[in-house]
Amino acid sequence: MSTAARPSAPTPPRRERPTTAAFRAVDRPVKEAATLPGWMFSDAALYAEELRRLFQRTWTCVGREDEVHDAGGFLTVEVGGSGVLIVRDKEGVLRAFHNVCRHRGTRLVEENCGSGLANLQCPYHAWTYDLTGQLRGAPHMAGVENFDKRDYGLHPIALETWRGFLWVNLDPNPGPLSDHLGALAERARPFPLERLRKAHRVVYEIAANWKLVLQNANECYHCPGVHPQLVKITPYTSGEEDIHRGPIFGGWMDMVEGAETLTANGKSVRQRFPGLSPEDLRRVYYYVLFPANFLAFSTDYVTLDWFQPLGPERTRLVFDLYVDRDEPDPAEDAMEFWETTNRQDWHICEMAHLGQKTVAYDQGRYSTEEDTVHAIDQYYLHQMGLVGDSDE
Amino acid sequence: MSALAKDHKSVPPGAPTGHLSGVTPDGHVYWDDAVLRTEVDRFFYRNWLLVGREEQIPKTGDFLTRTIGTESILLVRDKQGQVRGFQNVCRHRGTQLIEEPSGSGLNSIVCPYHVWTYGLDGRLTGVGHMASVQGFRKEDNGLFPVHVESAAGFLWVNLDPNAGPLTAQLGPFFDRISRFPLAQLRAGPTHTYTIEANWKLLVENYSECYHCAPVHPDLNRITPYFTGDNDAFFTEGKGKFSGGYQTFAGDYNSMTMTGYTRRPPLPGMTEEDRKRIYYYVLWPNVFFSLHPDYLMVHKAWPLSPSRSLVENEFYFDPKVMAQPDFDPSDAVDIWDIINKQDWHVCELAQKGTRSRAWHGGRYSEQEILVWDFDAYYQEQMGRNGP
């Protein structure tokens, strides 16, 4: 019960950008820097701009290529608040479209996934598209002026694959996926990504702003208090950052002597990935792919987080755990370990979210264990055009 | 569900053809908070709105309250038997006066906070500790009145202090239905739905049967989508309503689970009327569907840009209702099915219009009334509109 004076000021409204000074206070060397102002974690207008500037303009990993295995197989996902349909056409080509009818804007496909799609028919007025997105059938449009079916195909979305992972980018003029992956492609080379199969998927909903979840994934300052089981295998001060060039940030943590993989007891019951160096066999690698994904490599499994903001105060997180496709072990131990760790994290993120909203909280300071969070926050402010040279 | 001409060539002479060249509104009008605020201000606070029935408050002291946008409205029958409308708010510190949705036996209206007391005519009759307050006169501090009118048995309110008469908004519509004694009808069951879709998507959905073949197999069997005609348009400027009728296939005689009913037609139904269902949209939010043997009313209220409340009411001839074997479920049940089919595609439309890819599409030949509503809507939203 401190009686010390509180920092002043409930959040001013953001429209006037009155907080330029606060942003500049973040964009300084980490030891001098202040953290992002609390209002940025619940503001609806800021959130809308984040969707537009970040999530709708970046490569997002939405799953695995083999989830859409055969012609007519499909997957629907939400990226940046917009519906996306991924389908394999009759020639076997993977395609992505906005999941919206060109007529009155109706969502076309509701199911999360499926197979055997011969064409795409809108459930409202039965406009029909083929799997290449061409409009084939549109009843009662013959007498409509200047209407040519060829002009009303589904809106395409950029799609690329990387070693079995499926990526989409809603930007109509996206840069190549390889630019997004940057140095991560080389770092991930020893891991057999094209051979992975999904052992587990857990979908979480977290009552916290997406940035808090992302920040949480990028520091271990909280680990001693929050994750006692994790620090037994990977002490929180261990390891190093090796990529800090946006959109990729991350590095590794070192396992304690005798540990083979990151699970509760550190023992691997699986074949460890062949071809890993002695160094790789002692490490767990973690990389954020700003803003929507987080990849982690242990010696015998890989995890992928996919952050889906549902609103300024709600985040869905899809957590996938992958093992080698020939690995018979179901990786229950690894999943159990991450289920525990994840729930510890979401709880503390929800507590953090509540605190950001109080009138008393404005900006805090970064510890020396949080330089990656600081780097990400700076990158975020630049991408949003809130400090320095905007890219827009 | 309104009827649409078989093809555009059979659009009646003089009817609008804007749908053949027009483009639908941009997606943001279905989810933008600022757009909804403008709509509520321009449409819901400045038009006559259908809010109830005379017989809901038959006696002195009977009342009902309704929420419209951010406003709460109190309707009460006064000691002279007149229905009075007030803003449901105390003049003192702005407290909401009555919480209950409806009730009876009101002698006066007492604020629950500091017990300021108003008569059923709205006059402030009792206040404590105001005697020495400077410039305060009870006669200046009655409840804020709201215009109320009655037509066809329905109660209508208008929150605009300078509102014109109800007939200026809907006169030609009442002329069309005057041959039916609708004030005599009585309410059967009501269904209430909360729908994750913008209120305009519901109006647009009601305004066309282009979707009926894929979405409503039962309805489309009884009244095929290409039957009937449209003969009322918002954009014609002859009253704020639009619509037309659809025609029964074969010997079907009502919209029921079977397509048949043994209920006699309502009084006033001609031979021609008995082959039809009349469908009208009353600006901005009422769907008025007159069947041979019953009247159905939908009221669509925006709760947020992406959520709406729909009240679906059914009215029957009280003589028929008095019969021991009266069972409205054949009508109510098929409309519950049709409603849910519609709400489902409207919810999909809500999701789709949120897509950053979609910025409006084209109307088919079958969507003249959708175009008509959208065109009138955009005109009403004006320069500051979406």
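Trainee: Into which domains is chain A divided?
Mentor: Bear in mind that this is a predicted model: local features need pLDDT of at least 70, side-chain atom pairs count only at pLDDT 80 or more, and totals for chains, interfaces and linings use all residues. Residues are numbered from 1 along each chain as its sequence is written, while chains are lettered from A and ligands numbered from 1 in the order in which they are written. The bounds come from an automatic or database domain assignment, and for chain A they give domain 1 (60–169) and domain 2 (181–383).

Trainee: Which strand gives the largest share of the side of domain 1 of chain A that touches domain 2?
Mentor: The C-alpha centres of these two domains lie 32 Å apart. Still, 8 residues of domain 1 are in contact with 10 residues of domain 2 (contact: C-beta atoms, placed from the backbone, within 7 Å). Strands (E, at least two residues) and helices (H or I, at least four) are DSSP runs numbered from the N terminus. The largest share, 3 residues, comes from residues 60–64 of chain A, strand E1.

Trainee: Which strands of chain A stand at the edges of the open sheet?
Mentor: There are 7 strands, in the order E11-E17-E16-E15-E14-E13-E12, with antiparallel pairing (a pair needs at least two DSSP bridges). An edge strand has a single partner, so one side of it is left without a neighbour in the sheet; that goes for E11 (196–206) and E12 (240–245).

Trainee: In E14(A), what is the bridge partner of A:Met253?
Mentor: Look at strand E13 (residues 248–254) and strand E14 (residues 283–289) of chain A, which run antiparallel and are joined by 7 bridges. In E14(A), the partner of A:Met253 is A:Val284.

Trainee: What angle does helix H8 of chain A make with E11(A)?
Mentor: H8 (residues 332–356) packs on the sheet, touching E11, E16 (302–311) and E17 (314–324). Axes are lines fitted to C-alpha atoms, for helices over the stretch in contact, and angles run from 0 to 180 degrees between N-to-C directions. On that scale, H8 and E11(A) make about 25 degrees.

Trainee: Within what arc do the buried residues of H2(B) fall?
Mentor: In helix H2 (residues 166–177) of chain B, B:Leu166, B:Gln169, B:Leu170 and B:Phe173 are buried (20 or more other C-beta atoms within 10 Å of its own; exposed means 12 or fewer). B:Ala168 and B:Asp175, on the other side, are exposed. The arc is taken from directions from the helix axis to the C-beta atoms. The buried residues line one face of H2(B), so seen down the axis they fall within 95 degrees.

Methods
Two residues are in contact if their C-beta atoms, placed from the backbone, lie within 7 Å.
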